[in-house]
Amino acid sequence: MTAAPAEIREDVRTLAVDDVTLRFGGITALSEVSFAVRPGTVHALIGPNGAGKSSCFNVISGLYRPTSGRVRLGDTDLTGTSPHRLAALGVGRSFQNIALSPHSTVRDNVLLGRHALTRGGFFSGGLRLPRTVRTERRHVARVEEICAFLGVDDRLDVPVGALPYGVAKRVDIARALAVEPTLLLLDEPAAGLNATETAEMGVTIRDLRDALGISVLLVEHDMGLVMGIADRVSVLDFGRLIADGSPAEVQADPEVIRAYLGTGGEEPE
Amino acid sequence: MIDRRRRLAALAGGLAAGLVLAACGSTADNASSGGGAGGVKTDKGVTDTTITLGVMTDRTGVFKNLGEALTGGNELWVKDVNAAGGICGRQLALEVVDHGYKADTAKTLYPQLEPKILGITQLVGSPVLAALKQNLIDDNVLTAPASWSSEILNNPNVMMIGTTYDLEIIDGLAYLQQQGLIADGDTIGHIYIDGEYGGNGLRGSKYYASKHNMTVQEAKITSTDNDLANIVTGLKGAGVKAIVLTTTPGQTASAMSNNAALGLNVPVLGNNPTFDPALLQSPAAASLDKLYVAASSAPFSSKTPKAVEVANEYKATYPDKPKNAGAQAGYVESLVWQAVLEKACQNGDLTRAGVQTALKSLTSVTTDDLVAPLDYSIPGAPPTRGVYIAKVDQNAEGGLTEVAPLFTAPDAQGYKAPHQQS
Amino acid sequence: MSEVTVTPPETEAPPTPAPRRPRNWLKIAGVTLFLVLLVLFPVFTGTDVAYLKAGQYVLIGVVGAVGLTMLVGQAGQLSLATPFFLLVGAVSYAVLAGDSGDSGDLVGLGLPPVVAAVGAVVICGLVGLAFAPVSGRLRGIYLGVASLSLVFLGLYLGQSLDMLSGGTSTGRPPPTFAIFDFRFANTEPAPTILGVAVQKQQRLWYLFLVLAIGAYLLARGAVRSRIGRAWRAVRDNEAAATAMGVHVTRVKAGAFTISSAYAGLAGVMTALWLDLVKPDENEFVGTYSITVAIGYLAMVIIGGLGSIPGAVAGAVLVNGLPQLLTLGATEFGWFADARFGGPSPVLISAFVYGVAVVLVVMFEPGGLAAIGRRLAHVRAARPTRGGDRG
Amino acid sequence: MNTFLQLVLNGLGKGAVYALLALGFVVIFKATEVVNFAHGSLVLIGGYMVYATKDALGWPAAAALGIVSAALAALLIERLLIAHARNADVNSLALLTIGVDVIITEEIVRRLRADIPFIGDPYDAQPLQAAGLTVFRTQLVALIVGIVLITAFFLAFRFSSWGVAMRAQAENREAAALMGIRSSRVTATAWLLAGALAGVAVLFMATQDFSGAGLGRGTHAIALIAFPAAILGGLDSTVGAVVGGLIVGLTEALSAQYVSFEFSKSAVFLVMLLILVIRPSGLFGTRELSRV
């Protein structure tokens with residue numbers, strides 16, 4: 001269960017969530033939450049509905065600014081960083097409700113992930129200078145590699161809107177990978193998938209961690225998936241961190257059991 | 001015939017392919033020149049049997065009422081002249097195009113029309129005239145515009161028919177003062193459409209005001225602003241003793257009706273384009289009695305014999321066309337052309353340059369008093385300074401009765417038009 | 001950032017460049033033929049300059065519509081401000097290249113026409129950029145109506161700043177365009193092509209053709225490149241775009257800037273086409289009016305939002321049809337009863353493009369571009385929004 | 001002072017009609033999130049029917065017929081076109097209404113030919129004067145009709161089953177559908193009502209008192225001025241429509257006098273722009289048009 005990745009890359013750094021509190025008006029969404037995603041691990045963030053998982057995820061990805069506390073990636077403070085700069089810092093993310101451009105092809109969608117790795121505006125693109133075209137070809141090649149890795153390389157020219165949900169989900173992850181992240185944030189990667197697809201997704205997540213040696217932080221409802229692939233699990237309830245440990249430790253934690261039973265929410269499968 | 005087919009194909013070609021088929025036609029220049037019948041020199045628009053004049057009018061746009069009447073007047077004249085044997089041994093013909101008061105349409109139509117005509121006997125629309133100004137100069141096309149702004153007299157190819165707007169207003173204000181309706185030192189309001197037409201009228205009231213120590217309260221509007229309540233409210237606040245309008249008929253109605261509604265009740269002076277007989281059927285009808293119209297051409301109901309004759313002929317020929325002063329104005333436009341053509345014929349030169357020369361030699365074109373005698377010898381100057389003053393009259397045909405035929409104020413004589421050269 | 005080249009398991013295939021589609025000789029031949037026909041158009045029209053004028057007018061529409069479809073279709077920002085930028089472009093050209101007029105009351109800097117034209121385009125881009133605080137904050141119809149305020153503002157400024165615009169009375173003449181000593185005017189003697197003299201109108205046709213093709217290629221390249229992907233990402237999902245490193249505010253502002261610059265170029269062309277720069281007298285009918293705003297929007301809808309070739313097709317329909325019908329009206333006596341309430345060229349054109357807009361939205365959101373693609377069997381799958389492939 | 005008061009009166013009177021027009025936009029937007037660019041052409045249809053029949057039927061019957069015609073025309077647009085464009089998003093549907101608007105407007109203008117008929121016979125150009133101030137009868141009638149109709153709308157939104165269904169639909173389309181609220185009926189009713197409002201508004205618009213012009217292209221254009229009223233109030237707010245209408249009327253009247261008349265139309269749009277930059281969904285609006 002805790003197999004370490006093949007090799008730990010030096011550029012993969014620890015994501016530290018440090019004493020984060022988030023308030024909206026009078027409501028406290030997160031209260032003094034701290035945990036760390038170690039390099040090369042698959043780290044899951046779970047909790048019943050309304051526990052603050054999404055808020056926490058959005059703080060990490062820069063969409064919300066915490067009321068207090070810090071989020072750090074290695075030595076870099078992410079707290080005050082504009083969300084669009086995260087990609088360049090090596091943070092890739094996928095979305096719960098596939099946020100792809102339905103009318104664009106798979107290749108085009110995944111290429112967007114290369115945005116922070118490339119340069120060029122209207123004129124360099126418009127004039128199709130040889131250099132631009134060459135760079136573009138290199139990135140297309142890499143994108144096709146990534147797509148092949150996720151098993152969507154046979155549909156590169158298909159508009160995403162025409163794909164089955166499960167496939168689109170993989171394209172979304174491919175796009176997050178195209179950022180060449182050292183930290184991959186996955187927002188409910190199994191949401192909407194059937195049992196077979198979920199199992200495949202689990203394998204894929206392990207594979208990509210193993211192959212790329214990056215860290216993965218996922219928010220997930222599907223306990224089967226989480227317990228199957230996570231190296232470490234953090235549990236939120238009512239905005240507080242109530243447990244943080246290996247899947248086995250967490251499953252045995254009485255407070256976690258109470259939180260899940262008490263709300264009548266998702267039961268561990 | 002080949003030419004026609006080629007053009008039809010080119011027309012289709014613009015939308016898709018098919019151009020290849022069109023290429024079979026020749027592109028040789030087919031303009032003829034040289035001596036014609038009776039040893040008269042000709043170039044474009046004149047053959048041995050026909051003189052063709054162009055009409056660029058508005059039949060489908062905002063000035064379609066005016067355009068229809070003007071065109072009717074032009075056509076009546078052609079009929080009359082041809083019945084009397086034509087000019088210079090040639091019959092007259094009109095080539096009429098409709099630009100719908102759109103400059104872009106006119107810009108496309110012009111090159112199609114230009115090779116067929118000697119000159120233009122009616123051109124409606126300030127924006128159209130402005131857009132075609134350079135073309136008219138380049139091609140040396142003599143044009144009688146349906147615009148009476150002295151601003152356009154810097155175009156040597158413009159043949160002004162009658163008094164200009166600025167002079168109409170000067171004469172009109174002088175008439176109001178003569179009648180004791182305004183006095184030196186008064187404040188007067190002027191509502192004007194921003195543009196060649198309104199702006200030229202404003203020039204007139206400013207000139208008159210400067211001569212009589214008056215203050216002009218200006219209100220600039222666009223040609224689609226029809227609700228003038230807020231403006232008249234403001235003018236009332238400023239204590240104006242009279243309102244001058246260079247506006248559309250619809251705007252006149254609004255000004256008049258607010259003049260009454262807001263209890264201002266001052267005399268209002270407009271010029272030819274401000275009034276349309278249709279106003280008498282509008283809800284503003286009851287408030288129109290304060291309106292004076294100073295116009296370079298006679299009203300539709302004018303008692304001038306020639307005006308009566310034209311009106312009757314017009315009514316008989318075009319029972320459905322709108323009845324407004326455009327009929328006489330159109331007729332008189334063409335009458336001046338007649339004088340020019342006859343003179344050019346005498347000179348033996350019916351080329352475009354020839355008609356220009358003929359025009360400049362005319363110092364007193366009479367039009368059976370449809371407009372005052374016209375003098376074209378001073379470049380940039382209006383050819384006449386007299387106006388007809390009329391007042392709204394529910395019972396008169398065309399809605400106006402003359403109160404002063406051919407009135408010329410002393411101030412008008414001393415006025416120097418913007419492009420006047422002496 | 002590091003581009004790690006870890007070969008993922010289960011794929012032994014080496015990285016290959018994007019598969020090149022086999023050259024479609026039929027398509028290349030078609031495009032070549034089309035270009036040859038465009039180049040020879042002045043030969044076909046010969047002395048019938050009227051058709052050339054109509055053709056030039058279509059090319060103006062092409063430049064404006066290509067710029068607008070990038071903004072509306074690719075970047076997802078609805079704009080009705082095209083006429084405003086046409087006006088700014090036309091006035092800027094006249095001011096930069098012009099003189100102070102007969103009476104000396106105009107502002108004119110007397111720059112060379114090429115510099116003035118480029119300057120006018122840049123000015124329009126900057127004005128578009130200045131609108132960024134609004135265009136960045138508003139979406140959809142709100143932005144559409146907000147951009148409409150620019151048309152009203154343009155009317156007002158055009159009327160008030162007559163030292164720049166020449167005023168609504170007379171306007172001001174735009175200086176003749178010239179590239180070094182080659183003037184876009186009638187000259188004696190004039191060069192000829194296949195026996196047809198290349199005079200002012202022929203020269204303007206070639207100038208406009210080069211500008212339109214340039215604008216087209218630039219836009220097509222941009223749409224297929226990084227910036228195009230960023231536009232579409234912002235259009236479809238701002239949060240996702242942000243996560244991928246796209247600076248949403250900047251990209252939005254950039255799209256508005258570029259589209260405004262395109263409209264500005266169309267404005268310079270309009271000035272040269274009309275031989276006149278003159279603000280409209282009212283906001284509903286005229287060269288820079290709301291009718292024009294609706295017309296440009298119709299072009300990009302009919303063509304297929306975001307599609308560059310579609311925008312060209314839309315421009316041909318919306319700008320070309322009324323011109324051709326008008327020419328046909330005098331040439332062949334069509335619409336003889338327009339003045340008795342019968343159909344007129346303007347009416348028929350409005351009907352055609354009104355119906356086209358309705359039909360496209362109802363049945364073919366990809367517009368003419370999608371229809372064209374289907375006819376050409378370029379692509380089997382049904383793309384619903386055109387220009388993701390340019 | 002009198003000038004100022006008179007301007008305020010003018011502004012409020014016009015504002016009442018703008019509010020009626022803005023309400024037409026709001027009703028449809030609330031129910032369907034579609035912005036109806038064809039509102040101006042509905043106004044023209046209503047006005048044209050009044051013009052075409054008032055000599056034969058008398059004004060009251062013709063006015064009723066005009067209102068019904070505009071309502072039916074709106075219903076037809078919804079049933080025949082909008083309802084069949086199921087794949088289109090709300091922004092595309094707004095563009096569709098632009099196409100519809102172009103067609104109807106050109107056709108009505110063609111049918112009017114040279115006429116620009118005034119259709120406010122019973123009250124037009126019969127001003128009431130008191131204490132040096134003038135109240136235009138048209139605007140007074142419009143104000144009263146406006147107050148009655150807008151009150152009726154408020155009540156209907158709150159208490160009628162249609163109003164409840166519509167609010168539910170406005171909150172959440174899917175949920176409303178699940179709860180068995182027949183969305184197509186709510187939508188159709190909204191269009192019908194908006195059309196009727198357009199039919200009522202035109203009775204005041206094509207008058208000497210209100211617009212100074214009869215029915216024509218200009219009448220259609222006034223609907224465009226009402227657009228800022230709906231937008232600055234907030235497209236999904238009934239209160240917003242009323243407040244927006246009055247703001248537009250007053251801005252127009254006061255800026256015409258105290259800045260310049262030619263600035264007054266730009267002023268309306270600039271006020272709208274200012275409000276939008278501060279509150280992107282308008283003064284009382286709760287939603288931005290398209291969601292992320």
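Which residues of α7(B) are buried? The buried residues of α7(B) are E196(B), Y197(B), G198(B), G199(B), N200(B), G201(B), L202(B), R203(B), G204(B), S205(B), Y207(B) and Y208(B), where a residue is buried if 20 or more other C-beta atoms, placed from the backbone, lie within 10 Å of its own, exposed if 12 or fewer, and partly exposed in between.

This is a predicted model, in which local features need pLDDT of at least 70 and side-chain atom pairs count only at pLDDT 80 or more, while totals for chains, interfaces and linings use all residues. Residues are numbered from 1 along each chain as its sequence is written, and chains are lettered from A and ligands numbered from 1 in the order in which they are written.

## Chain B: helix and strands

Helices (H or I, at least four residues) and strands (E, at least two) are DSSP runs, numbered from the N terminus. After α7(B) comes N213(B), with a positive phi near 60°.

Chain B also holds an open sheet of seven strands, in the order β8-β7-β9-β10-β11-β13-β14 and with mixed pairing, two strands being paired if DSSP finds at least two bridges between them. Its edge strands, each pairing on one side only, are β8 (215–221) and β14 (400–407) of chain B. With direction ignored, neighbouring strands of this sheet are turned by 20° against each other on average, the axes being lines fitted to C-alpha atoms, for helices over the stretch in contact, and angles in general running from 0 to 180 degrees between N-to-C directions.

| Strands | Bridges |
|---|---|
| β7(B) (residues 187–193) and β9(B) (residues 242–246) | five bridges |
| β3(B) (residues 50–57) and β5(B) | four bridges |
| β5(B) and β6(B) (residues 143–145) | two bridges |

Within β9(B), the residue opposite I191(B) is L245(B). Strand β5 of chain B, residues 119–123, has five of its five residues buried, so it is largely enclosed by the rest of the structure. One of its residues, I120(B), stands opposite G54(B), and I120(B) also has T143(B) of β6(B) as a bridge partner.

## Chain D: overall form

Chain D contains 11 helices and two strands, and from the N terminus its elements follow the order α-α-α-α-β-β-α-α-α-α-α-α-α. The radius of gyration of chain D, taken over C-alpha atoms, is 19 Å, close to the 19 Å that the globule rule (2.2 Å times the number of residues to the power 0.38) gives for 292 residues, so chain D is as compact as a globular protein of that length. Along the principal axes, the C-alpha atoms of chain D fill a box of roughly 60 × 50 × 35 Å. Of its 292 residues, 61% count as buried.

Two residues are in contact if their C-beta atoms, placed from the backbone, lie within 7 Å. Among the contacts in chain D with a separation of 6 or more, 74% are between residues 24 or more positions apart.

## How the chains meet

Four pairs of chains touch, and the most contacts among them are between chains A and C. In this pair, 50 residues of chain A are in contact with 43 residues of chain C. On the side of chain A that touches chain C, α4(A) gives the most, with 10 residues, and the residues of that side divide into 22 nonpolar, 16 polar and 12 charged. Here Ala, Val, Leu, Ile, Met, Phe, Trp, Tyr, Cys and Pro count as nonpolar, Asp, Glu, Lys and Arg as charged, and the others, Gly among them, as polar.

Chain C also meets chain D, with 36 residues of chain C in contact with 41 residues of chain D. The largest share of the side of chain C that touches chain D comes from α6(C), with 11 residues, and this side divides into 27 nonpolar, six polar and three charged residues.

Chain A and chain B do not touch, their nearest C-alpha atoms being 27 Å apart. No contact joins chain A and chain D either, and their closest C-alpha atoms lie 10 Å apart.
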